[in-house]
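Thanks for coming. I have one structure to go through, so please look at the screen.

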Amino acid sequence: MAEQKDYCVEGYRFGSIEDAKEAQVEKIKADYFNARLQGKNAESMLAVYDKVLDDKIFETPVGWEYLKRMQRELRRSGLSEEDIRPIPMYVTFCHKEDAAAQPVRERIRPSKKINEDKRNLRVSIMVNILLAILAGGMFVISLNSKNPNILNYKKAILNEYASWEQELTERESAIREREKSLGAE
């Protein structure tokens, strides 16, 4: 009987100790939000309320009760019903067989994020291939360039010295031929 007492949180009796612990954590979160929102304007409260709903912070009746109090406070502050989103329930309360009830497989749909991830992966691969082709093209252009660069500077310098040497040799032979022709006359 003492064990059943451990399952009670804020007037709710839970079926498992894990649910009771989660409810205790949600009570601490609710107290934290309540302390932080004290004296804040309605827009700040609505922003926090929407963020709490989007992040699915509260999953037990203890948290839902706090969200209900936030809704009442938002209504009292003058916000319209259209601005205050309803609290989503992600659990099933009625376990009866109903012809109109959708099976679980029909209610759970795969997220579209997977398809977006596949599309993003394809785009990323295409961009990477394009960048690899561009990098390869830059290397080909650098290797075939007449201007010396880091890839062909040794070859360019050797070719330049070889052309100077050939030019000097040709001038030297031309001067010797002239000297011979002048010396022979």
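How many salt bridges does a search of the whole structure find? The search finds eight. Before I go through some of them, please note that this is a predicted model.

I'll begin with a pair inside one helix. Asp 31 forms a salt bridge with Lys 27, and the closest N and O atoms are 2.9 Å apart. The two residues are four apart in helix α2, so about one helical turn separates Asp 31 from Lys 27. On the general point, an α-helix has 3.6 residues a turn, so residues three or four places apart point the same way.

Helix α4 has a pair of its own. Glu 73 forms a salt bridge with Arg 76, with 3.0 Å between the closest N and O atoms. Here the spacing is three residues in α4, which again means about one helical turn. Glu 73 is partly exposed, with a relative accessible area of 35%, whereas Arg 76 counts as exposed at 61%.

Asp 54 forms a salt bridge with Arg 85, and the closest N and O atoms are 2.8 Å apart. Asp 54 lies in helix α3 and Arg 85 in the loop between α4 and α5, so this pair ties together parts that are 31 residues apart in sequence. Both ends are partly exposed: Asp 54 has a relative accessible area of 48%, and Arg 85 has 32%. Salt bridges with shared partners also join Asp 50, Asp 54 and Arg 85 into one network.

Back to α2, this time as a whole. The helix runs over residues 17–37, which is 21 residues, and reaches 30 Å from its first C-alpha to its last. That is close to the 30 Å expected at 1.5 Å a residue. Which residues of α2 are buried? They are Ala 20, Ala 23, Glu 26, Ala 30, Phe 33 and Leu 37. Seen down the helix axis, these buried residues fall within an arc of 135°, so they line one face of α2. The face turned away from that buried side carries the exposed residues Glu 18, Lys 21, Ile 28, Ala 35 and Arg 36. Just after the helix, Gly 39 takes a positive phi of about 80°.

In soluble globular proteins, nonpolar side chains tend to be buried together. The largest nonpolar core in this model has 19 residues, and the members that touch the most others are Tyr 49, Phe 58, Tyr 66, Leu 67 and Leu 74. Helices α2, α3 and α4 each supply at least two residues of this core. Which helix gives the largest share? That is α3, with six residues.

Last, the surface. Val 123, Val 127, Leu 130, Leu 131 and Leu 134 make a nonpolar surface patch of about 440 Å². One of these residues, Val 123, is in helix α6, which covers residues 113–144. Val 123 is partly exposed, with a relative accessible area of 42%. A residue needs over 30% to count towards a patch, so Val 123 passes that cut-off.

That is all I have.

Key: Residues numbered from 1 in each chain as written. Predicted model: local features only at pLDDT ≥ 70, side-chain atom pairs only at ≥ 80, totals over all residues. Heavy atoms only, no water. Patch = residues over 30% accessible without salt bridge, like charges linked within 9 Å, V, L, I, M, F, W, Y side chains within 5 Å. Areas by Shrake-Rupley, 256 points an atom, 1.4 Å probe, with all protein chains shown as cover. Salt bridge = Lys/Arg side-chain N within 4 Å of Asp/Glu carboxyl O. Buried < 20%, exposed > 50% of the residue type's maximum accessible area, 1.4 Å probe, protein only. Expected span 1.5 Å × (residues − 1). Arc of directions from axis to C-beta. Core = buried A, V, L, I, M, F, W, Y, C linked by side-chain atoms within 4.5 Å.
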